[in-house]
Structure formats: structure tokens, C-alpha cells
Amino acid sequence: MIEIKDLHKSYRMGSNSLHVLKGINFSVEDGELVAIMGSSGSGKSTLLNILGMLDGADSGEYNLDGVPIKDLNETKAAQYRNKFLGFIFQSFNLINYKTAAENVALPLYYQKVGRKERQDKSIAYLEKVGLKNWAHHLPSELSGGQKQRVAIARALAAEPKVLLADEPTGALDSKTSYEVMDLIQKINDEGNTILVVTHEPDIAEMCKRIVHLKDGVIVEDKKVEQVRAEQYV
Amino acid sequence: MWLFDRDMWSEIFHTLGQNMFRTFLTMLGVIFAMIILVLLLGSTNGMSNGFDKIFAGTASNSLFVWAQATSEPYKGFERGRRIQFKIEDADILKKNIPEIEVLAPRIELGSHRGVVSVYRKGRTSGSAVYGDFPQIDEITKKKLVEGRFLNKSDIDEAKKVCVIGEETYELLFDKGEQAIGTELRINGVFFTIVGMYKPNDNINIDGENAVFIPFTTFQKAFGSGNRMGWMAIAVDANTKVSFVESQIKTLLKNKYDIAPTDERAIGSFDFSEIFSNISAFTTVLKGFSFFVGLFTLLAGVIAISNILLITVKERTKEIGVRRAMGATPKIVKRQIVLEAIVLTAFAGLIGFAISIGILSGLNAAFGSGEDFPFVNPMITIPQFTISFVLMVGLSVLIGLIPANRALKIRPIEALREE
């Protein structure tokens with residue numbers, strides 16, 4: 001699904017150049033649930049941004065579902081993001097003046113899906129995350145966990161190839177975190193490929209594979225026995 | 001067709017509706033600008049209409065020609081010789097100058113602008129007395145309150161009839177007294193009143209204290225023979241009055257042995273000059289109003305652009321999310337430009353409605369044009385269309401500034417956690 005070869009990325013800070021990713025080789029199979037771990041400054045967010053086509057690499061190869069991702073202009077990147085990727089953010093990033101259902105329907109709108117179908121789909125995905133009854137509530141009327149579940153429904157709605165979650169539990173208490181992880185695990189059980197960036201070891205343990213980043217290189221890449229979040233809920 | 005995309009519009013109205021107060025404040029600039037523009041244009045139009053009304057009834061393409069005294073000796077004549085036009089001159093001029101549409105000869109009793117005693121039942125009025133042809137009515141229209149003006153049969157039969165001004169009536173009659181059919185006496189000759197006119201708001205060359213009698217009657221009654229005082233001449237609308245004026249003068253100078261270089265012997269007054277001066281004045285005024293209004297509008301639209309820039313800044317995160325969700329730069333840009341257009345157009349319409357209300361009020365209060373030239377102050381449909389198109393056009397251009405700012409937002413920066 002994802003193939004990365006010798007990925008480099010540096011940021012220019014004034015006259016200095018900060019080498020953030022120093023040759024990453026990494027691939028993800030269909031249906032995997034991968035945790036990307038590392039302390040701040042390890043390059044994990046940069047890697048996620050490049051994977052999410054939010055940022056470009058300096059050199060190296062990136063293939064997503066067999067499509068080489070390079071030299072994208074903004075329009076092309078937007079289309080690829082819409083088609084291939086679903087994003088889950090730490091701070092949910094719901095649009096605050098749109099209801100839960102409207103938020104979920106947003107990527108479908110950019111896919112030019114018809115209005116009726118959008119509504120049906122968004123309700124269906126809200127039902128999947130257990131928030132059907134909250135469909136017409138504004139984000140301000142939802143709890144943090146509910147917001148993140150709406151965000152997950154939104155990421156799923158576009159039926160992407162890969163879900164990218166950037167610290168999905170970073171803003172939640174541990175009970176809610178486990179609820180969200182439970183949902184992520186269940187979505188993964190259905191065959192979805194998911195990448196989770198986290199610095200919390202217990203969250204990482206709930207994935208099937210942990211990739212450790214340190215100073216811009218992968219220092220450890222291991223398969224783990226998945227801890228089911230269900231038992232803590 | 002994206003123009004009819006219901007979601008796009010609901011997005012736009014959603015965003016604008018989010019902060020109603022700020023949206024309203026933003027629109028205020030354009031509302032005021034539109035009010036100023038429409039009021040300026042409307043008032044200028046009202047003024048222009050007012051002038052039109054003053055001149056209504058006076059053929060704009062007309063001139064008056066009269067005789068004076070020569071200022072140069074010529075062909076053995078000394079300077080200072082008084083010229084006296086003859087009634088046959090009228091026919092000569094009409095025959096030789098096809099551009100003349102109407103030519104009304106006139107003769108005056110006494111000296112020019114002099115007054116003659118008019119008697120009725122022991123009362124007198126010092127009025128101007130004119131011998132006229134009915135055609136004069138085509139050049140300076142009289143507003144008749146009662147009866148009729150002179151007609152052809154009055155001329156043909158040299159009837160002893162007259163038309164009087166309202167001021168003359170007031171001097172000779174008691175209030176409410178019937179004037180039509182009664183007689184008055186001028187230089188011992190009795191005339192029956194057949195019509196009375198009242199002062200109208202427009203230019204009145206003859207004054208209101210005047211008595212008009214048929215030219216032919218004048219000749220017989222006062223023994224004026226073939227003399228003619230002056231001529232009112234209407235010229236074909238497509239011909240310049242000055243052109244006809246010089247032709248007339250050349251002809252008459254030739255006939256009366258006046259030096260071709262003598263500027264003083266024949267006097268004339270070109271009416272079209274006044275009209276062109278006034279229309280030039282109102283045109284300049286209109287242009288100026290438009291200019292001022294347009295720049296006010298520009299300022300208003302810039303205010304909208306500024307607020308949208310702030311909004312874009314505030315919505316950085318939202319725009320980042322949208323782009324992460326697959327919004328292309330085109331969609332983002334379109335949304336912000338459309339917001340600018342919607343704000344401007346809506347504000348423009350509100351301003352337009354308010355100013356039309358004000359203009360209607362002004363019209364009701366002063367629109368009669370009795371006291372000063374101000375009639376029907378309203379903007380024309382082309383003026384409205386042009387202003388509106390310009391306004392929307394400006395809003396597109398100015399909306400591009402915040403739109404491009406929004407495009408510069410990179411999703412990665414927008415979504416970066418604080």
C-alpha cells in the first residue's frame with residue numbers, strides 16, 4: 001500500500017538547514033495498523049505530513065497504492081488527498097459551524113458526490129461510530145471523544161486507502177482514548193490500513209506494528225501482539 | 001454548473017452569517033458608498049430635469065434676430081443708420097435658407113421692451129403689445145389658462161382679438177372676473193380677449209404683462225405698414241444654429257446694404273448656446289458625481305476586502321482542514337471571491353434601496369421644481385446597471401486579494417498543533 005524509499009527532508013532555518021528525515025525506508029501492507037513513535041523532533045510529524053501529501057520530500061520515492069507521489073501541484077495534491085487519504089487530527093479540526101453530519105459530508109462534497117447520497121453516507125458513518133443521534137449537533141455540543149469519533153467518521157466517509165491519525169488521543173483522557181482506539185481497531189479489523197502517530201506507549205501497543213523514529217531515522221520496526229482496547233472500555 | 005451548487009451557496013451564507021455584526025459593519029461601507037453614489041447621480045439628474053423643465057416649451061434650436069443701427073459706413077451710407085426689417089424679409093429668408101423650420105415675425109408697439117397703456121373700464125395697465133403670428137407658439141410655448149392662442153384665421157381676417165398675460169389680467173380685471181369675450185382698448189382700438197396665459201416655470205421672453213394681437217391686425221390698427229420688429233426662428237434639429245445665423249445675417253446685410261464686417265447692425269441671440277452651456281454643466285456635474293461615487297464605492301469594497309483578509313486569517317485552520325479533505329485551490333479561491341461578491345452585491349442593493357427611498361422623499365418635498373431646478377431626482381437604469389456592474393467587478397478584483405492569501409495557507413501550517 002505504502003512504499004517509501006530513501007526519503008530525505010530538511011528544513012531551512014535561516015542560514016542553517018535542519019535535516020529532519022535522513023533516509024527513511026518503510027513500507028506498509030494492506031490492512032496494517034502501524035504506530036509511528038518517537039520523541040518530539042524525531043521527525044514523525046514530518047513523515048506523516050509527507051505521507052499525507054501535506055508536505056513534499058526533498059528526495060526519495062513515495063508510492064501510494066502503486067501511484068508515484070511526486071511533483072504534485074496543489075490541485076493534484078488536493079485530489080490525491082481526497083481520493084487516497086483520510087485524516088484524523090489531535091485537535092479534531094471539525095468545522096465548528098457545521099453539524100456533525102455536515103462535517104462528515106465535507107470530503108464527499110469535494111468528491112462531488114450528490115447531496116442526497118452525501119447525507120445518507122454521513123449518517124451511515126456516524127452510525128458506525130455510534131453517533132447517529134448526534135448527527136445534527138454542532139461540535140461545540142459534543143464531548144472530546146465524540147468530536148474525535150465524528151472526525152473518524154469524516155475520515156472514513158471518503159473511503160480512503162489509508163487513514164492517517166496524528167496523535168488521535170493526544171487531547172483525550174485515557175478512558176476516552178481507549179474508546180477511540182477501540183473504534184480504530186474495529187475499523188482496522190474491517191481491513192482498513194491505518195497509520196497512527198503517537199508518543200504514548202500504551203496507544204502504540206494497541207497497534208499491530210510499531211515503528212520507532214529517532215533523529216530522522218527508523219531505529220526500530222517491530223510487529224507486536226495487539227492489545228485490544230475493548231477490555232479497558 | 002457550479003453556479004447553481006446549493007452547497008456552495010450555503011457554505012458562503014454560513015460563513016457570512018457566522019459573525020452577523022461584523023458582516024454588517026463590513027457592508028456599511030458599501031451601503032454608504034452606494035447611497036452617496038445614487039444620491040449624487042439622482043440629484044444631478046433631478047437638476048438636469050429641472051433645467052429641462054425650465055426650457056420646456058422653448059424650442060432649443062432657435063434664435064432671435066432683430067435690427068439695430070450700423071456701426072460702419074458702407075456704400076455711401078453713414079454709420080449709425082437705423083435698420084428696419086420688412087415683413088417680406090421673412091419670406092426671403094424662408095425661401096433661401098431651407099434649414100429654417102419656423103419663422104415667426106413680430107412687431108412691437110412702442111420701443112423695444114417699452115410699455116403701452118392698455119385700457120379697460122377705466123383701468124389701465126402698462127403692457128407690452130406684440131403683433132404676432134401663431135407660429136410663435138411653436139418657438140416659445142404659452143401656457144394657456146383660458147381660451148386659445150392666435151390662429152390662422154385671426155391673421156387672414158385681421159381679427160381684432162388678443163391674448164393677454166395673467167399679470168395684465170390682474171391689472172385690468174377684478175379677481176374671478178370673466179375675461180374671455182370682453183374687450184380692451186389699445187391706442188383707441190378695441191380688441192376682444194380670446195385667451196389668457198399664465199406664467200410658467202420656464203423661460204419667458206415676453207413677460208406676463210403682455211398683449212398679443214394678430215400681426216395683420218397690428219398692421220391695420222396701428223399703421224405699421226410692412227415693418228417688422230424682430231424674428232423668432234426655429235432651426236432644423238440637425239443644423240447648427242450658428243450656421244443658419246450667419247446665413248441669415250449675410251442675406252440681410254446684403255439686402256440692407258450693410259458692410260459685411262459690421263457686427264452691430266443686426267442683433268441676434270442664439271438660444272441653443274444656453275442649452276449647450278447648461279447641458280455641458282450638467283454633464284460635467286454628472287461625470288463628477290459618478291467619479292466621486294465610484295471612488296467612495298472603491299473605498300467601501302476595499303473595506304470588504306480588508307475584513308475578508310481578517311476572516312481568512314481567522315479561518316486559517318478551517319481552510320487547512322478543507323484542503324486536507326481535498327478542497328482544491330480553485331474551490332478555496334472561488335469561495336472567498338464569491339463571499340466578496342455576495343457581500344458587495346447585497347450591501348449595494350441595500351444602499352440602493354435606501355437611497356431610492358431618500359430620493360423619493362426629496363422628490364416629494366422639492367420635486368415640483370417650482371422654486372429651484374430639481375425635478376424627478378432618480379437614477380436611470382443604465383446608470384444603475386453601470387454602477388452595479390462596476391461595483392461587482394471591483395469586488396471580484398478586490399476579493400482576489402484575500403483569496404490569494406487563503407491559497408498561501410499551506411495545510412501543514414494550518415494544522416500544526418500549537
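Two strands are taken to pair if DSSP finds at least two bridges between them. Helices (H or I, at least four residues) and strands (E, at least two) are DSSP runs, numbered from the N terminus. The structure is a predicted model, in which local features need pLDDT of at least 70 and side-chain atom pairs count only at pLDDT 80 or more, while totals for chains, interfaces and linings use all residues. Residues are numbered from 1 along each chain as its sequence is written, and chains are lettered from A and ligands numbered from 1 in the order in which they are written.

Strand β5 (residues 123-132) of chain B runs antiparallel to β3(B) and is joined to it by three bridges; here B:Arg106 stands opposite B:Asp132. Six bridges link β3(B) to strand β12 (residues 230-235) of chain B, again antiparallel, and B:Pro105 has B:Met231 as its bridge partner.

Chain B as a whole comes to 13 helices and 13 strands, and buried residues make up 38% of its 418 residues. Two residues are in contact if their C-beta atoms, placed from the backbone, lie within 7 Å. Among contacts in chain B between residues at least 6 apart in sequence, 82% join residues at least 24 apart. An unreviewed UniProt entry lists residues 21-42, 288-312, 336-359 and 379-401 of chain B under "transmembrane region"; such annotations may be inferred rather than shown by experiment, feature names are shortened, and positions are given in the numbering used here. In the model, residues 21-42 of chain B are 100% helix and 0% strand, with end C-alpha atoms 30 Å apart. Residues 288-312 of chain B are likewise 100% helix and 0% strand, and their end C-alpha atoms are 36 Å apart.

Turning to the meeting of the two chains, 19 residues of chain B are in contact with 22 residues of chain A. On the chain B side, α10 (316-324) gives the largest share, five residues. Seven of the nine residues of α10(B) are buried, so this helix is largely enclosed by the rest of the structure. The buried residues of α10(B) pack against α2 (74-84) and β6 (85-88) of chain A, together with α11, α12 (381-408) and α13 of chain B. After α10(B) comes B:Gly326, with a positive phi near 115°.

In chain A, an open sheet of four strands has the order β2-β1-β4-β5, with antiparallel pairing. Its edge strands are β2 (16-28) and β5 (67-68), each pairing on one side only. Strand β1 (residues 2-13) of chain A is joined to β2(A) by 10 bridges, and A:Arg12 stands opposite A:Ser17.

A nonpolar core is a set of buried Ala, Val, Leu, Ile, Met, Phe, Trp, Tyr and Cys residues joined through C-beta atoms within 7 Å. The largest has 116 residues, and A:Ile36, A:Leu195 and A:Val196 have the most contacts inside it. Helix α2 (residues 20-55) of chain B supplies the largest share of this core, 11 residues. Apart from it lies another core, of 55 residues, including B:Phe173 and B:Met231.

Definitions and conventions
A residue is buried if 20 or more other C-beta atoms lie within 10 Å of its own, exposed if 12 or fewer, and partly exposed in between; C-beta atoms are placed from the backbone.
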